[in-house]
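Please look over the model shown below. This report goes through its side-chain contacts, its loops and its confidence.

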Amino acid sequence: MLPICLKDTGKYGRGLYATRAIKTGELIEVSPVLISCKNEWKYLKKTILFNYCFTWGDDYEHTAIALGYGSLYNHSYTPNAMFTYNIDNLSIDFYAIADIEDGQEITINYNEDSEDKSPLWFDVIE
């Protein structure tokens, strides 16, 4: 059973929360992905899925929708988790980069690098 659950953040919609203590380095979730080729991106941009896509491929030329909880992690510039692209497994893998307490929200940096403070396509609420 995954150590996470989905609930309302009370601040910006749904978010993922730890259901037990999670240690630094621990694998939180392996999310299988559905790949969308670059020529389909123009269609995805017109849908709600645009807000839930990850870049994908060796040159980030495609997009991916992470299944499971993968597309529901909220963004933070001070995240407690990170994700890695597992191209061979067709998944995005989420790991704790800090100890996460039971009941604490699990966040990632959407810029992929946990220290990257580059602006995103929406206003960030911290």
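Over the ring of which residue does the charged end of lysine 7 sit? That ring belongs to tyrosine 17. The charged end of lysine 7 is 4.6 Å from the ring centre.

The model is predicted. Mean pLDDT for the protein is 88. Of its residues, 87% reach 70 or more. Confidence is highest in strand β8 (residues 91-96), with a mean of 97. It is lowest in helix α1 (residues 41-44), where the mean is 83. Where pLDDT is low, predicted coordinates should not be read in detail.

**Aromatic rings**

Across the whole structure, a search finds seven aromatic pairs. Phenylalanine 83 and tyrosine 85 form an edge-to-face pair, because their ring planes stand at 90° and the cut-off for that class is over 60 degrees. Their ring centres are 5.6 Å apart. Phenylalanine 83 and tyrosine 85 are both buried. They also belong to a cluster. Ring pairs link Phe83 and Tyr85 there with Phe54, Trp56, Tyr60, Tyr73 and Phe94.

Tyrosine 60, a member of that cluster, lies in the loop between β4 (53-56) and β5 (62-66). Its relative accessibility is 43%, so tyrosine 60 counts as partly exposed. Its backbone deserves a look as well. Tyrosine 60 has a positive phi of about 55°, although it is not a glycine.

**The β7-β8 loop**

Leucine 90 sits in the loop between β7 and β8. Here too phi is positive, at about 55°, and leucine 90 is not a glycine. Leucine 90 is partly exposed, because its relative accessible area is 43%.

Asparagine 89 is found in the loop between β7 (81-86) and β8. Asparagine 89 has 45% relative accessibility and therefore counts as partly exposed. Its C-alpha atom is separated from that of valine 33 by 9.2 Å. Along the chain, asparagine 89 and valine 33 are 56 residues apart.

**Polar and charged links**

How many salt bridges are there? The count comes to one. It joins glutamate 26 and arginine 20. Glutamate 26 is partly exposed, with 23% relative accessibility. Arginine 20 is partly exposed at 35%.

| Link | Partners | Distance |
|---|---|---|
| Salt bridge, closest N and O atoms | glutamate 26 and arginine 20 | 2.6 Å |
| Polar contact, side chain to side chain | serine 36 and glutamate 40 | 2.7 Å |

Serine 36 lies in strand β3 (residues 27-36). Is serine 36 buried or exposed? Its relative accessible area is 11%, so serine 36 is buried; the cut-off is under 20%. Beyond its neighbours within four places in sequence, serine 36 is in contact with Leu44, His62 and Thr63. Its side chain also makes the polar contact with glutamate 40.

Serine 76 belongs to the loop between β6 (74-75) and β7. Despite that loop setting, serine 76 is buried, with a relative accessible area of 5%.

Terms used:
Residues are numbered from 1 along each chain as its sequence is written. This is a predicted model: local features need pLDDT of at least 70, side-chain atom pairs count only at pLDDT 80 or more; totals for chains, interfaces and linings use all residues. Side-chain values use heavy atoms; hydrogens and water are left out. Rings of Phe, Tyr and Trp (its six-membered ring) pair if their centres lie within 6.5 Å; planes under 30 degrees apart count as stacked, over 60 as edge-to-face and the rest as tilted. Buried means under 20% relative accessible area, exposed over 50%, partly exposed in between (1.4 Å probe, protein chains only). A charge sits over a ring if NZ of Lys or CZ of Arg is within 6 Å of the ring centre and within 35 degrees of the ring normal. Helices (H or I, at least four residues) and strands (E, at least two) are DSSP runs, numbered from the N terminus. A polar contact is a pair of N or O atoms within 3.5 Å; within protein, one must be able to donate a hydrogen and the other to accept it, and residues adjacent in sequence count only if both atoms are side-chain atoms. Contact means heavy atoms within 4.5 Å. A salt bridge is a side-chain nitrogen of Lys or Arg within 4 Å of a carboxyl oxygen of Asp or Glu. pLDDT is the predictor's confidence in each residue, from 0 to 100.
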